[in-house]
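Student: I'd like to learn how to read ring contacts and strand pairing in a protein model. Can we go through one together?

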Amino acid sequence: TLPQSLLLFSHVALSSKVSSKVTSKVTSRIAMVFCALMVLLSISACGSKDGDDELSKPVPLEKFEAKTKLKSQWSASIGPGQGKRYDRLALGFDSDSVYVANIKGQLSRYGLQGGLTWRQKLEPLSAGVGVGESLVLVATANGVVIALNSDDGSEQWRKDVRGEVLAAPQASRGIAIVQTYDGRLIGLSADSGEQLWVYTSDTPVLTLRGTATPVIENGIAYTGFATGKLVAIDITNGNLIWDKPVAIAKGQSEIDRIVDVDASPLVSSSRVYAASFNGYLFAFLKRDGRPLWRFDISSYREVAEGFKNIYAVSEKGRLFAIDAESGEQRWEQSALLNRQLSAPVVFGGFLVVADFDGYVHVMSQIDGTIIGRTKIDGSGVRAPMRVVDNLLYVYSNKGKLAAYTLENIVSK
C-alpha cells in the first residue's frame, strides 16, 4: 500500500493546465490501468481488516528523558505555505539569506537571523526556491520558470518549459537546470532563460507526485527519475556521463512497479547516495557511477550523513543508520512509525526529523534514542529542513518558517 502522504498520478490519463499544452492521446491500455487502480484502491479502503488499520495508524509519542532543547530564535508566517496537494516548496539559501515561497506566489527573502529584505507577489507556484548565479528561481503551476534578482527581487526572465515542475530549479556556471514531471532535465541560460539543451528520460504510466531536485557539483548535475535511475549529466551540454539503476520495476501491478527516485541524491567528496521507492539505498562512486553497496529500503525522502553513517527514513517511518563505508545497518529507530517523517538532517551533533503533526524530534546519532522534541505547529513538515550557520530552518506545511538553535540540558 502507498503511504497516505503521497499522491499517485498517471502522466497521460490525468490532465492539467500544463499538460493541456502538450498534445497526447489517452490509450485504452492507460485508461484500463487507471480504472483498475481506482478499483484496487477502493477495495483496499473498504476491505481492510482492523489489524491492518491498526498497523497503519501513527504510533503515539512516548515520554523520554530530555537531554537537548530546540529553542526558536525567530519565526515568520509565510501565508498558506505548501497547500493541500503534495507540493514541497523548499527553502533556498545564499551566504546571508533564506528565501521562501508559498503556493499562492508569495516569494520572500529574509536575513539568516530574521528580518524581511524583500517580498514579491507572483503567480501560484509549484516549485522553488533555487538560488544560484545571483538568481532566485521558482516555477509556476503552469510550468513557467521565473528568475529573479537575488538582491532586490526584480524579475530577470521567465521561460515556459511546457511541463509541470515540482522541484526547485538550480543554477551554476551560467546554467539553470530544471527538472519536469514528465521526465525531462532542461538546461537554460542563466542570463536569458534561453533553452540550451534537454535530456529526456522515459516516464512510467504511474508515478508518485514529485521529482528529485538536481544537485550540481563541479559542473555535473546528479538527479533521479521515475524510472528508478540515477544520472550524472554535464550541465554545459546536457550529455549523459553515467546512469545507474537504484531500483528495477517488478511485480504484476503498475503500483508494484513504481520505483521513483523522488529525493535529491546526497553528493559527498567521492560518492553519491540515492534512495528509491520500492527499491534500495545505493552508494555509487561519483567518478563513474560504480555501485559500492546497497541497502534494502523503500524511501521517497532525502538521506543525511554524519558520524560515519548514512541516515534514511523508510516510507513507513523507520529511521535507519547505515555504515557509510560498508552499507551495514548500525541501528534502527521504530518509535515514529507511520508518522510521515521528513527527511533527516544532522544538526549540532544530533539527528533531527519532523513528523506529520509538526513535532520536530532530536535523536542521538549513536543509537537513535530520542532526546529532544518541540512542535513547530500541527500541520507537518514536507519540505526538507536545512542547517545553515548553526541554525536549523524548518518550514511547516501551513506556512510557518522557524529558525532553531540546539541547547544541551544540564542535569541537576
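This is a predicted model: local features need pLDDT of at least 70, side-chain atom pairs count only at pLDDT 80 or more; totals for chains, interfaces and linings use all residues.

Student: How many aromatic pairs does a search of the whole structure find?

Tutor: The search turns up 12 aromatic pairs. Take Trp 74 and Tyr 393, for instance: their centres are 6.3 Å apart and their planes make an angle of 65°.

Student: What kind of pair do Trp 74 and Tyr 393 form with that angle between the planes?

Tutor: Planes over 60 degrees apart count as edge-to-face, and that is the label for Trp 74 and Tyr 393. Trp 74 belongs to strand E2 (residues 68-77) and Tyr 393 to strand E33 (residues 391-395), so their contact ties together parts that are 319 residues apart in sequence. Both Trp 74 and Tyr 393 are buried.

Student: And back to Tyr 99 and Trp 118: what sort of aromatic pair is that?

Tutor: That one is tilted, with 50° between the planes and 6.1 Å from centre to centre.

Student: Which residues form one aromatic cluster?

Tutor: Look for Tyr 222, Trp 242, Tyr 280, Phe 282 and Phe 284. One of them, Tyr 280, also has a charge over its ring: the charged end of Arg 294 sits 4.2 Å from the ring centre.

Student: Now the strands. In what sense do E2 and E34 pair, and over how many bridges?

Tutor: For strand pairing, check the direction and then the bridge partners. E2 and strand E34 (residues 400-408) run antiparallel over nine bridges, and Ser 75 has Ala 402 in E34 as its bridge partner. E34 also pairs with E33, again in the antiparallel sense, over four bridges, where Tyr 393 stands opposite Ala 403.

Student: Where is there a positive phi in the hairpin of E33 and E34?

Tutor: At Gly 399, with a value near 100°; that hairpin has four residues between its strands. Compare the hairpin of E9 and E10: five residues lie between these strands, and Gly 153 in the turn has a positive phi of about 80°. Strand E9 (residues 144-149) and strand E10 (residues 155-160) are antiparallel over five bridges, with Val 144 opposite Asp 160.

Notes: Residues are numbered from 1 along each chain as its sequence is written. Side-chain values use heavy atoms; hydrogens and water are left out. Rings of Phe, Tyr and Trp (its six-membered ring) pair if their centres lie within 6.5 Å; planes under 30 degrees apart count as stacked, over 60 as edge-to-face and the rest as tilted. Helices (H or I, at least four residues) and strands (E, at least two) are DSSP runs, numbered from the N terminus. Buried means under 20% relative accessible area, exposed over 50%, partly exposed in between (1.4 Å probe, protein chains only). A charge sits over a ring if NZ of Lys or CZ of Arg is within 6 Å of the ring centre and within 35 degrees of the ring normal. Two strands pair if DSSP finds at least two bridges between them.
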